[in-house]
Amino acid sequence: MPDNLLKRKLINRERALGCFLLTGSPDNAEVLAHAGFDFLLIDHEHGSGSRGDAIAQMRAMNGTPTTSVLRIPSFDPGYIKRVLDAGVQCILCPMIESASTAKAVVDACWFPPRGARGAGGATRASVYGYDADATNRVQDELLIAVQIESVIGIEQIEKIAAVAGIDLLLLGPRDLSASIGKLGRFDDPEVRAIVAKAEAAILGSGKRLGSVIYPGQTPAQMFDRGYDLLIAGSDIGFLVEGARRAIFAA
(Lines give C-alpha, C1' and ligand atoms only; values in the text may rest on other atoms or scores of the structure.)
Protein backbone atom coordinates (compact mmCIF):
# COMPACT_ATOMS: atom_id res chain seq x y z
CA MET A 1 0.00 0.00 0.00
CA PRO A 2 1.26 3.55 -0.71
CA ASP A 3 2.46 5.99 1.94
CA ASN A 4 -0.29 8.01 3.56
CA LEU A 5 0.41 11.41 2.01
CA LEU A 6 -2.45 13.04 3.90
CA LYS A 7 -1.03 11.95 7.25
CA ARG A 8 2.39 13.29 6.22
CA LYS A 9 0.81 16.65 5.32
CA LEU A 10 -0.96 16.93 8.65
CA ILE A 11 2.12 15.91 10.63
CA ASN A 12 4.05 18.64 8.81
CA ARG A 13 1.27 21.18 9.48
CA GLU A 14 0.48 21.52 5.81
CA ARG A 15 -3.07 22.39 4.78
CA ALA A 16 -5.28 19.74 3.20
CA LEU A 17 -8.32 20.26 0.99
CA GLY A 18 -10.70 17.51 -0.13
CA CYS A 19 -14.30 16.68 -0.87
CA PHE A 20 -16.94 14.04 -0.21
CA LEU A 21 -17.71 11.14 -2.50
CA LEU A 22 -21.43 10.66 -1.89
CA THR A 23 -21.84 8.28 -4.83
CA GLY A 24 -20.10 4.95 -5.23
CA SER A 25 -18.78 5.98 -8.64
CA PRO A 26 -15.10 5.23 -9.37
CA ASP A 27 -15.35 7.60 -12.34
CA ASN A 28 -16.24 10.45 -10.01
CA ALA A 29 -13.33 9.49 -7.76
CA GLU A 30 -10.92 9.43 -10.68
CA VAL A 31 -12.04 12.81 -12.03
CA LEU A 32 -11.77 14.49 -8.62
CA ALA A 33 -8.43 12.86 -7.80
CA HIS A 34 -6.98 14.21 -11.03
CA ALA A 35 -8.43 17.63 -10.19
CA GLY A 36 -5.82 17.84 -7.44
CA PHE A 37 -7.65 17.35 -4.14
CA ASP A 38 -5.43 16.18 -1.28
CA PHE A 39 -8.03 13.63 -0.19
CA LEU A 40 -11.41 12.22 -1.17
CA LEU A 41 -13.76 11.28 1.65
CA ILE A 42 -15.76 8.17 0.74
CA ASP A 43 -18.97 8.67 2.71
CA HIS A 44 -20.63 5.53 4.03
CA GLU A 45 -22.72 7.45 6.55
CA HIS A 46 -24.86 9.44 4.10
CA GLY A 47 -23.51 8.22 0.76
CA SER A 48 -24.77 5.41 -1.44
CA GLY A 49 -21.60 3.37 -1.97
CA SER A 50 -20.70 -0.12 -0.75
CA ARG A 51 -17.40 -1.64 0.42
CA GLY A 52 -16.87 -2.95 -3.11
CA ASP A 53 -17.51 0.52 -4.51
CA ALA A 54 -14.96 1.94 -2.07
CA ILE A 55 -12.30 -0.48 -3.33
CA ALA A 56 -13.04 0.56 -6.92
CA GLN A 57 -12.85 4.23 -5.90
CA MET A 58 -9.49 3.71 -4.19
CA ARG A 59 -8.18 1.99 -7.32
CA ALA A 60 -9.37 4.97 -9.33
CA MET A 61 -7.24 7.25 -7.11
CA ASN A 62 -4.11 5.18 -7.76
CA GLY A 63 -1.54 7.07 -9.77
CA THR A 64 -2.48 10.38 -8.13
CA PRO A 65 -1.32 11.94 -4.84
CA THR A 66 -4.91 11.90 -3.54
CA THR A 67 -5.46 9.95 -0.31
CA SER A 68 -8.56 7.93 0.46
CA VAL A 69 -10.57 8.67 3.61
CA LEU A 70 -13.67 6.68 4.54
CA ARG A 71 -16.42 7.76 6.93
CA ILE A 72 -18.10 4.76 8.50
CA PRO A 73 -21.88 4.85 9.19
CA SER A 74 -21.40 4.71 12.99
CA PHE A 75 -19.02 3.18 15.49
CA ASP A 76 -18.84 -0.50 14.52
CA PRO A 77 -15.59 -2.46 15.09
CA GLY A 78 -16.60 -5.05 12.48
CA TYR A 79 -17.19 -2.38 9.84
CA ILE A 80 -13.91 -0.68 10.71
CA LYS A 81 -12.03 -3.96 10.32
CA ARG A 82 -13.56 -4.70 6.93
CA VAL A 83 -12.82 -1.30 5.39
CA LEU A 84 -9.29 -1.21 6.82
CA ASP A 85 -8.69 -4.70 5.39
CA ALA A 86 -9.92 -3.26 2.09
CA GLY A 87 -7.05 -0.77 2.13
CA VAL A 88 -8.56 2.45 3.50
CA GLN A 89 -5.73 4.72 4.68
CA CYS A 90 -7.74 7.12 6.84
CA ILE A 91 -10.90 6.40 8.81
CA LEU A 92 -13.46 8.87 10.15
CA CYS A 93 -16.00 7.89 12.80
CA PRO A 94 -19.04 10.18 13.14
CA MET A 95 -20.90 11.40 16.23
CA ILE A 96 -18.28 10.83 18.94
CA GLU A 97 -19.49 12.07 22.31
CA SER A 98 -17.07 10.57 24.85
CA ALA A 99 -13.42 9.74 25.36
CA SER A 100 -14.32 6.11 25.97
CA THR A 101 -15.91 5.81 22.52
CA ALA A 102 -12.94 7.59 20.93
CA LYS A 103 -10.63 5.10 22.67
CA ALA A 104 -12.79 2.24 21.36
CA VAL A 105 -12.37 3.59 17.81
CA VAL A 106 -8.59 3.53 18.22
CA ASP A 107 -8.71 0.02 19.67
CA ALA A 108 -10.73 -1.16 16.67
CA CYS A 109 -8.09 0.28 14.31
CA TRP A 110 -4.95 -1.02 16.00
CA PHE A 111 -3.72 -4.59 16.21
CA PRO A 112 -2.85 -6.14 19.61
CA PRO A 113 -1.15 -5.36 21.90
CA ARG A 114 -1.98 -1.71 21.13
CA GLY A 115 -5.60 -2.44 20.25
CA ALA A 116 -8.11 -5.17 19.50
CA ARG A 117 -8.31 -5.32 15.69
CA GLY A 118 -8.38 -8.82 14.26
CA ALA A 119 -5.57 -9.63 11.84
CA GLY A 120 -6.64 -11.12 8.52
CA GLY A 121 -4.40 -12.90 6.05
CA ALA A 122 -4.75 -12.26 2.34
CA THR A 123 -6.43 -8.86 2.56
CA ARG A 124 -6.15 -6.04 0.06
CA ALA A 125 -4.35 -4.00 2.75
CA SER A 126 -1.62 -6.68 2.81
CA VAL A 127 -1.48 -6.80 -0.99
CA TYR A 128 -3.39 -10.09 -0.72
CA GLY A 129 -0.68 -11.63 1.44
CA TYR A 130 2.25 -10.74 -0.82
CA ASP A 131 3.49 -8.06 1.61
CA ALA A 132 4.78 -9.77 4.75
CA ASP A 133 5.43 -6.48 6.58
CA ALA A 134 2.06 -4.95 5.76
CA THR A 135 0.60 -5.35 9.25
CA ASN A 136 3.18 -3.07 10.87
CA ARG A 137 3.49 -0.56 8.07
CA VAL A 138 -0.22 -0.17 7.35
CA GLN A 139 -0.93 0.47 11.01
CA ASP A 140 1.80 3.13 11.17
CA GLU A 141 0.37 4.80 8.06
CA LEU A 142 -3.22 4.84 9.33
CA LEU A 143 -4.84 8.17 10.17
CA ILE A 144 -7.70 8.06 12.69
CA ALA A 145 -10.22 10.90 12.80
CA VAL A 146 -13.36 11.39 14.86
CA GLN A 147 -16.25 13.76 14.25
CA ILE A 148 -17.67 16.10 16.89
CA GLU A 149 -21.29 16.83 15.99
CA SER A 150 -23.28 17.51 19.17
CA VAL A 151 -23.35 19.65 22.29
CA ILE A 152 -22.54 16.53 24.31
CA GLY A 153 -19.44 16.00 22.19
CA ILE A 154 -18.43 19.64 22.66
CA GLU A 155 -18.71 19.27 26.44
CA GLN A 156 -16.34 16.28 26.29
CA ILE A 157 -14.06 17.58 23.56
CA GLU A 158 -10.95 18.12 25.67
CA LYS A 159 -11.10 14.53 26.97
CA ILE A 160 -11.76 13.21 23.45
CA ALA A 161 -8.82 15.16 22.04
CA ALA A 162 -6.56 13.73 24.74
CA VAL A 163 -7.10 10.13 23.57
CA ALA A 164 -3.87 8.64 22.25
CA GLY A 165 -4.15 7.58 18.60
CA ILE A 166 -6.70 10.21 17.57
CA ASP A 167 -4.99 12.29 14.89
CA LEU A 168 -7.74 14.69 13.86
CA LEU A 169 -11.04 16.00 15.19
CA LEU A 170 -13.51 17.08 12.53
CA LEU A 171 -16.37 19.42 13.40
CA GLY A 172 -19.80 18.79 11.89
CA PRO A 173 -21.50 22.21 12.02
CA ARG A 174 -24.80 21.05 10.54
CA ASP A 175 -25.42 18.43 13.22
CA LEU A 176 -23.96 20.75 15.87
CA SER A 177 -26.57 23.34 14.95
CA ALA A 178 -29.28 20.67 14.96
CA SER A 179 -28.29 19.51 18.45
CA ILE A 180 -29.46 22.84 19.86
CA GLY A 181 -32.56 23.04 17.67
CA LYS A 182 -31.09 25.46 15.13
CA LEU A 183 -30.42 23.25 12.12
CA GLY A 184 -28.49 25.07 9.39
CA ARG A 185 -28.50 28.42 11.18
CA PHE A 186 -24.74 28.82 11.02
CA ASP A 187 -24.80 32.58 11.71
CA ASP A 188 -26.81 32.19 14.90
CA PRO A 189 -24.77 33.57 17.84
CA GLU A 190 -25.27 30.41 19.90
CA VAL A 191 -24.12 28.17 17.04
CA ARG A 192 -21.11 30.39 16.40
CA ALA A 193 -20.19 30.32 20.10
CA ILE A 194 -20.34 26.50 20.20
CA VAL A 195 -18.15 26.22 17.11
CA ALA A 196 -15.66 28.74 18.52
CA LYS A 197 -15.46 26.78 21.78
CA ALA A 198 -14.78 23.56 19.88
CA GLU A 199 -12.15 25.21 17.67
CA ALA A 200 -10.29 26.59 20.69
CA ALA A 201 -10.33 23.25 22.52
CA ILE A 202 -9.00 21.29 19.53
CA LEU A 203 -6.32 23.88 18.70
CA GLY A 204 -5.25 23.87 22.34
CA SER A 205 -4.96 20.08 22.37
CA GLY A 206 -2.31 19.96 19.65
CA LYS A 207 -4.47 17.62 17.55
CA ARG A 208 -5.41 18.53 14.00
CA LEU A 209 -8.62 20.45 13.31
CA GLY A 210 -10.96 19.79 10.37
CA SER A 211 -14.43 20.67 9.11
CA VAL A 212 -16.51 21.39 6.07
CA ILE A 213 -16.26 24.89 4.64
CA TYR A 214 -18.91 26.98 6.35
CA PRO A 215 -21.41 28.88 4.16
CA GLY A 216 -20.18 32.38 3.41
CA GLN A 217 -16.57 31.59 4.31
CA THR A 218 -13.61 30.80 2.11
CA PRO A 219 -11.02 28.05 2.61
CA ALA A 220 -8.38 30.75 3.13
CA GLN A 221 -10.38 32.33 5.96
CA MET A 222 -10.81 29.01 7.73
CA PHE A 223 -7.20 27.92 7.24
CA ASP A 224 -6.14 31.27 8.70
CA ARG A 225 -8.28 30.50 11.79
CA GLY A 226 -6.23 27.36 12.38
CA TYR A 227 -7.99 24.64 10.43
CA ASP A 228 -5.69 21.97 9.05
CA LEU A 229 -8.18 20.06 6.85
CA LEU A 230 -11.25 21.27 4.99
CA ILE A 231 -13.95 19.57 2.94
CA ALA A 232 -15.01 21.62 -0.08
CA GLY A 233 -18.27 20.07 -1.24
CA SER A 234 -19.06 16.72 -2.84
CA ASP A 235 -19.24 14.95 -6.17
CA ILE A 236 -23.04 15.32 -6.20
CA GLY A 237 -22.81 18.96 -5.15
CA PHE A 238 -20.41 19.78 -7.96
CA LEU A 239 -22.70 18.04 -10.47
CA VAL A 240 -25.77 19.93 -9.22
CA GLU A 241 -23.90 23.24 -9.28
CA GLY A 242 -22.71 22.71 -12.84
CA ALA A 243 -26.16 21.64 -14.01
CA ARG A 244 -27.80 24.68 -12.46
CA ARG A 245 -25.31 27.04 -14.09
CA ALA A 246 -25.97 25.45 -17.49
CA ILE A 247 -29.75 25.71 -17.10
CA PHE A 248 -29.67 29.30 -15.83
CA ALA A 249 -27.40 30.29 -18.71
CA ALA A 250 -29.70 28.79 -21.34
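Begin by selecting Glu-199: in this predicted model, its relative accessibility is 10%, below the 20% limit, so Glu-199 counts as buried. Arg-225 belongs to the loop between helix H11 (219-224) and strand E8 (229-234), whereas Glu-199 sits in helix H10, so the pair ties together parts that are 26 residues apart in sequence.

**The nonpolar cores**

Keep Glu-199 displayed and select Leu-171, which touches Glu-199. Among the other residues that Leu-171 touches beyond four places in sequence are Ile-148, Ile-157, Val-195, Ala-198, Ile-202, Val-212 and Tyr-227. Leu-171 is also a member of the largest nonpolar core, which has 54 residues. Together with Leu-40, Cys-109, Ile-144, Ile-157 and Leu-169, Leu-171 is one of the residues that touch the most other members of that core. To see the element with the largest share of this core, colour helix H10 (residues 189-205), which contributes six residues. A second, separate core has 15 residues, including Ala-16, Phe-39, Leu-41 and Ile-231.

**The enclosed space**

Keep Phe-39 and Leu-41 in the selection, as both line the second largest cavity. By class, the lining comprises 11 nonpolar residues, with no polar and no charged ones.

**The largest pocket**

Now select Phe-20, Arg-71, Pro-173, Arg-174 and Val-212, which lie nearest the centre of the largest pocket. This pocket has about 520 Å³ of space and is lined by 23 residues. Strand E6 (168-171), helix H9 (173-178) and strand E8 each supply at least two residues of the lining. The greatest contribution comes from E8, with four residues. In composition, the lining of the largest pocket divides into 12 nonpolar, five polar and six charged residues.

**Further salt bridges**

Side chains of opposite charge can pair when their charged atoms come close. A search of the whole structure finds 15 salt bridges. For one of them, select Asp-85 and Arg-117, whose closest N and O atoms are 3.1 Å apart. Asp-85 is in helix H4 (residues 77-85) and Arg-117 in the loop between helix H5 (99-109) and helix H6 (134-141); this pair links distant parts of the chain, 32 residues apart. Both Asp-85 and Arg-117 are buried.

Turn next to Lys-9 and Glu-14, whose side chains meet in a salt bridge at 3.6 Å, N to O. Lys-9 is partly exposed at 23% relative accessible area, and Glu-14 is likewise partly exposed, at 35%. Then select Lys-182, Arg-185, Asp-188 and Glu-190, which are linked in a network of salt bridges.

**Backbone details in the loops**

Return to the loop between H5 and H6, which contains Pro-113. A cis peptide bond joins Pro-112 and Pro-113, with omega about 10°. Tyr-128 is also found in the loop between H5 and H6. Although Tyr-128 is not a glycine, its phi is positive, at about 60°; its relative accessibility is 45%, and it counts as partly exposed. Another positive phi, near 50°, occurs at Met-95, which lies in the loop between E4 and H5. Met-95 is partly exposed, with a relative accessible area of 38%.

**An exposed serine**

For the last stop, select Ser-48 in the loop between strand E2 (39-43) and helix H3 (51-61). Its relative accessibility is 61%, which is over 50%, so Ser-48 counts as exposed. Show Thr-23 as well: Ser-48 and Thr-23 are 25 residues apart in sequence, yet 5.3 Å apart in space from C-alpha to C-alpha. Leaving aside neighbours within four places in sequence, Ser-48 is in contact with Thr-23 and also with Leu-22, Gly-24, Asp-43 and Asp-53.

Conventions. Residues numbered from 1 in each chain as written. Predicted model: local features only at pLDDT ≥ 70, side-chain atom pairs only at ≥ 80, totals over all residues. Heavy atoms only, no water. Core = buried A, V, L, I, M, F, W, Y, C linked by side-chain atoms within 4.5 Å. Buried < 20%, exposed > 50% of the residue type's maximum accessible area, 1.4 Å probe, protein only. Contact = heavy atoms within 4.5 Å. Salt bridge = Lys/Arg side-chain N within 4 Å of Asp/Glu carboxyl O. 1 Å grid on protein atoms, 1.4 Å probe; cavity = no way out; pocket = protein on both sides within 12 Å on 5 of 7 lines; lining within 4 Å. Points joined across faces, edges and corners; volume = space filled by probe spheres on them. Nonpolar A, V, L, I, M, F, W, Y, C, P; charged D, E, K, R; others polar.
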